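Please keep the sequence and the structure in view while reading.

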Amino acid sequence: MSRQLQLPLTDAQVTSLRAGDELELSGVVLTGRDQACARIFTLLQNRQPLPVELKDRLIYFVGPSPARPGEAIGSAGPTTSGRMNRFLPAMFDAGLRGVIGKGYLSQQAKDALVQHRGIYLGAIGGTGALLAQCITEVRIVAFEELLSEAVRLMQLERFPVVVLHDCHGGDLYADATTKGSDR
């Protein structure tokens, strides 16, 4: 059974989560992908103001397709998180609470989760049309020229995710690999 959580996540909520927990998120997240995360990283490195506040936010790694008439958004499936590995330590250091994506993270990114009490949540790849049904409102808030990679605010309603890496060092991928080798 999924645990329903309202965003933003508190520190107490994040520390209560464990790899493998199934969640339904409601509330506002930021979006970002390769180009947007690279720009945010550069701004952080140069100690310049950010166009969005990262503190206590989640970023969903997604490049949504355009919305059809009457819909908030088109297909909105997760993109591969590993492409953001090099940006994550600086973003967590700036107060980012967590990320939503798919796939593996580097050890450096996982270490940043533990150090900053962050969370890595997985959305199921290939289900972008279904996930879009859990997104009720979208607006671009930064880097509009990046088109599908622009930073957006998305309102989620019972958006399904699973905890892939928790702030205690728990790793769902490693757990699954270990259990699979026990057979």
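## Helix α2

Helix α2, residues 34-45, has 12 residues and reaches 16 Å from its first C-alpha to its last, which is close to the 16 Å expected at 1.5 Å a residue; the expected span is 1.5 Å times one less than the number of residues. Helices (H or I, at least four residues) and strands (E, at least two) are DSSP runs, numbered from the N terminus. Seen down the axis of α2, the buried residues fall within an arc of 160°, so they line one face of the helix, where the arc is that of the directions from the helix axis to the C-beta atoms. An α-helix has 3.6 residues a turn, so residues three or four places apart point the same way.

The buried residues of α2 are A36, C37, I40, F41 and L43, where buried means under 20% relative accessible area, exposed over 50%, and partly exposed in between (1.4 Å probe, protein chains only). What covers them includes β2 (22-32), β3 (58-61), α3 (88-93) and β7 (151-165). Just after α2, R47 takes a positive phi of about 55°.

## How the model is read

This is a predicted model, in which local features need pLDDT of at least 70 and side-chain atom pairs count only at pLDDT 80 or more, while totals for chains, interfaces and linings use all residues. Residues are numbered from 1 along each chain as its sequence is written, and side-chain values use heavy atoms, with hydrogens and water left out.

## Strand β4 and its partners

Strand β4, residues 98-101, is covered on both faces, with G98 and I100 buried on one side and V99 and G101 buried on the other. β3 and β4 run parallel and are joined by 3 bridges, and V99 of β4 is the bridge partner of I59; two strands pair if DSSP finds at least two bridges between them.

On β5 (residues 119-122), which runs parallel to β4 and is joined to β4 by 4 bridges, the bridge partner of V99 is Y120. The chain crosses from β4 through helix α4 (residues 107-115) to β5 in a right-handed β-α-β crossover, a term used if, with the strands pointing away from the viewer, the path from the first strand over the helix to the second runs clockwise. β3, α3 and β4 also make a right-handed β-α-β unit.

## The loop residue D171

D171 lies in the loop between β7 and α6 (172-181), and D171 is buried, with a relative accessible area of 12%. Its side chain is joined to that of K110 by a polar contact of 3.1 Å.

How values were computed
Contact = heavy atoms within 4.5 Å. Polar contact = N/O pair within 3.5 Å; in protein donor to acceptor, adjacent residues only side chain to side chain.
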